[in-house]
Amino acid sequence: MISKENFIQDIKTELSNFIINNTDYYPAFGYDKVRRLYSRIGRGELANQPIIHFSVLSTTQGTRQPVGDENGEKVEGRKVYFDFGVYTVINASYRDTQDRGFILDEVGDNLKNIFDSQGDSLPFNQVKFSSTLDELMGENSDGLYASEYELEFWVMKEL
Amino acid sequence: MTVRIKIEGMNELTAKSNNMIAQIESGKRRFINFLTHSIQIDAVVIRYINRMIYDTPEPEWYERTQNLKRAVMSEETENGVRVYMNKGYLQAVSNRYPTKATGLDPQKKGVDYSWYVHEGTQFNNIYQKDVVMEGRPFMQQTWEEILPRIDPLIILQPLLRMWRT
C-alpha cells in the first residue's frame with residue numbers, strides 16, 4: 001500500500017528503483033529526461049545504455065475498501081489502476097554493429113522477463129508488461145530509435 | 001351484463017413496460033462507464049501523440065508534441081464521452097513558446113495547433129525556409145482503433161435482461 005502523499009511520485013520512484021536494481025538501463029519519466037540523459041551520454045559522463053521511458057497514459061480510481069496498514073491497523077484504501085506507455089530507447093551508436101530492431105527486441109524481452117520474474121518485489125498488483133507494436137519506430141529528430149510497450153498494474157492507495 | 005377479460009401476466013407486463021426507460025438509462029450509464037474505464041479513449045490519444053515523438057524526423061517537434069499531450073481533455077457528458085484538445089491551453093503556449101522551426105510564423109500565433117498537427121500545414125517561417133508539416137491524424141487514428149471495441153449493445157443489456165426474467 002502506498003500513502004496518498006506524493007502518491008504518483010512514489011509510484012515513479014518504485015519503478016525507477018526497479019529498473020536501476022535489475023538492469024543496466026536508465027529510467028526516465030518524460031522525454032526531457034531522455035534528452036538530458038543522451039546529452040550526458042554524448043559528453044561521456046554516462047555509459048551508453050538503453051533508456052526506459054515511462055509515460056502515464058491513464059490512472060483509474062477503483063473501489064474504496066478497508067485494508068491493514070503496515071502496523072496492522074485497519075485503514076481505508078482505494079485501488080488505483082495504472083496504465084503506462086513504456087518506450088525502450090537506444091541511439092545509433094549503442095552496439096552499432098547490430099541491427100536497431102534486434103537490440104530493441106532484446107531489451108523488450110529482457111524487460112518482460114524482469115517484470116515477470118521480479119515484479120513481485122514491487123508494491124504493485126497484477127503487473128502486466130506487453131508489447132503494443134510489432135515494429136520499431138523510425139529514427140526521430142534526436143537520432144533515437146524506440147519500441148513501444150504497455151505496463152499495467154494496480155496499487156492500493158491509503159486514504 | 002359485464003364481460004371481464006383477464007390477461008395472464010398483464011400486471012407484470014405493465015410493470016416491465018413502465019421500467020423500460022429506467023433500464024435504458026441504466027444501459028446508457030454502463031455504456032459511458034465502459035467508454036471511460038475500459039476503452040480509455042484519452043489514453044489512446046496520448047499513446048498516438050507519444051508515437052509522434054519517436055517516429056518523427058522534424059526538429060523542434062517534441063516541445064509542441066508535449067503541449068499536445070498536456071492539452072488532451074476527457075469528460076463524461078449526459079449521453080457519452082467527450083475527448084478533445086484544450087484549445088485555450090494550446091493557444092496560450094503557442095504564444096508563449098515560439099520555436100525556431102515552426103513557431104516564428106506570425107500567422108500561426110494563438111492558433112489551435114492540434115488542428116495543424118492533425119491536418120498538416122505550411123509554416124511561413126520568417127527566419128528559416130518555410131516548413132511543410134505533413135498531417136498526423138492522431139484523432140482519426142484513435143477513432144479507428146477504438147471503433148471495433150465499442151459495443152453499443154451494452155446499452156440494451158439491462159433492458160433485455162429485464163424481459164428475459
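Biologist: In what order do the elements of chain B run from the N terminus on?
Modeller: Keep in mind that this model is predicted. Chain B holds eight helices and four strands. Read from the N terminus on, the elements come in the order α-α-α-α-β-β-α-α-β-β-α-α.

Biologist: Thanks! What share of the residues in chain B is buried?
Modeller: A residue counts as buried when its relative accessible area is under 20%. Chain B has 165 residues, and the buried part of them comes to 39%.

Biologist: And how much accessible surface does chain B have?
Modeller: Carbon and sulfur atoms account for 54% of that surface. The total for chain B is about 9,900 Å².

Biologist: Let's turn to the place where the chains meet. How much area is buried between chain A and chain B?
Modeller: The size of an interface is often given as the accessible area lost when the parts come together. Here 23 residues from chain A and 17 residues from chain B take part in the contact. Carbon and sulfur atoms give 50% of the buried area, and the whole comes to about 1,700 Å².

Biologist: Which residue of chain B meets Glu148(A) in a salt bridge?
Modeller: Side chains of opposite charge can pair when their charged atoms come close. Across the interface of chain A and chain B there are two salt bridges. In the one formed by Glu148(A), N and O are 2.5 Å apart, and the partner is Arg51(B).

Biologist: Which element gives the most residues to the side of chain A that touches chain B?
Modeller: There are also eight residue pairs in polar contact across this interface. On the side of chain A, the elements that give two or more residues are helix H2 (31–42), strand E3 (51–68), strand E4 (74–91) and strand E6 (144–158). With six residues, the one that gives the most is E3(A).

Biologist: Now a closer look at one residue of chain B. Is Gln40(B) buried or exposed?
Modeller: Gln40(B) sits in the loop between helix H2 (20–39) and helix H3 (41–54) of chain B. Leaving out residues up to four places away in sequence, Gln40(B) touches Ser58(A), Thr60(A), Asp83(A) and Leu35(B). Its side chain also makes a polar contact of 3.0 Å with the side chain of Ser58(A). The cut-off for buried is under 20%, so Gln40(B), at a relative accessible area of 12%, is buried.

Biologist: How many salt bridges are there over all chains?
Modeller: One of them joins Arg40(A) and Glu45(A), with the closest N and O atoms 3.2 Å apart. Another joins the side chains of Glu106(A) and Arg95(A) at 2.9 Å, N to O. That pair links distant parts of the chain, with Glu106(A) in helix H3 and Arg95(A) in the loop between E4 and H3, eleven residues apart. Over all chains the count comes to 14.

Biologist: One last pair: is Lys28(B) buried or exposed?
Modeller: Lys28(B) forms a salt bridge with Glu25(B), at 3.5 Å from N to O. Both lie in helix H2 of chain B, three residues apart, about one turn of the helix. Glu25(B) is partly exposed at a relative accessible area of 39%, whereas Lys28(B), at 15% relative accessibility, counts as buried.

Technical notes:
Residues numbered from 1 in each chain as written. Chains lettered and ligands numbered in written order. Predicted model: local features only at pLDDT ≥ 70, side-chain atom pairs only at ≥ 80, totals over all residues. Heavy atoms only, no water. Buried < 20%, exposed > 50% of the residue type's maximum accessible area, 1.4 Å probe, protein only. Areas by Shrake-Rupley, 256 points an atom, 1.4 Å probe, with all protein chains shown as cover. Contact = heavy atoms within 4.5 Å. Buried area = accessible area lost by both parts, 1.4 Å probe. Salt bridge = Lys/Arg side-chain N within 4 Å of Asp/Glu carboxyl O. Polar contact = N/O pair within 3.5 Å; in protein donor to acceptor, adjacent residues only side chain to side chain.
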